[in-house]
Amino acid sequence: MSESTKTPSAAGPIDAHVGARIRLRRMLLRMSQEKLGAALGLTFQQVQKYERGTNKVGASRLYEMSKILRVPIGFFFDDMQGKVEQSASLGYSSGFRETSAGFRAFASADSVKTNEDLHILAKRETLELMRAYYRIPDAEVRKRVMDLVKTLSEQAAAAE
């Protein structure tokens, strides 16, 4: 089905974004799809469909997920202002027009601009790096690690 012929009930780009945020948070908690599904009274296949954006997540189900995943509902909509504008131009109705100021522990609105950026956040390597970084108890050491990573990144970008 083409984008222009999607029915209002068909899942769209906002559903894909919400699904990616569900997956991101579930993985950060090291929770399996089976465990999340069991807590919701669903199969892991249904959780997969939500995470892939194949199926829409209803309001009451999203509320349940926010409690299980221990995030405010706004977390699922963070960092998607551009997607809202894009989907509106494609004829989707979003039901809201502002980006939530909710949960931003892992990325700011300025740092996540594309689906590719969101997928980078959901990679296992990224999650392992974040977990290891936050296990460093000394804030000054963490700052030095961050400075090192930024310097290496800038050097790599300059070499390209």
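Arg30 is exposed, its relative accessible area being 58%. The views below are drawn from a predicted model.

**View A. Arg30 in the loop between α1 and α2.** Arg30 is placed in the loop that runs between α1 and α2 (33–40). Although Arg30 is not a glycine, its phi is positive, at about 55°. Most residues other than glycine have a negative phi. With a relative accessible area of 58%, Arg30 counts as exposed because the cut-off for that class is over 50%.

**View B. Arg70 in the loop between α4 and α5.** Arg70 is located in the loop between α4 (59–68) and α5 (81–89). The phi of Arg70 is positive, near 55°, in a residue other than glycine. The relative accessible area of Arg70 is 58%, so this residue is classed as exposed.

**View C. Arg26 as a buried residue of helix α1.** Arg26 belongs to helix α1, which comprises residues 13–28. Its relative accessibility is 8%, and Arg26 is therefore counted as buried, the cut-off being under 20%. Leaving aside residues up to four places away in sequence, Arg26 is in contact with Met31, Ser32, Gln33, Leu36, Glu51 and Leu69.

Conventions. Residues are numbered from 1 along each chain as its sequence is written. This is a predicted model: local features need pLDDT of at least 70, side-chain atom pairs count only at pLDDT 80 or more; totals for chains, interfaces and linings use all residues. Side-chain values use heavy atoms; hydrogens and water are left out. Helices (H or I, at least four residues) and strands (E, at least two) are DSSP runs, numbered from the N terminus. Buried means under 20% relative accessible area, exposed over 50%, partly exposed in between (1.4 Å probe, protein chains only). Contact means heavy atoms within 4.5 Å.
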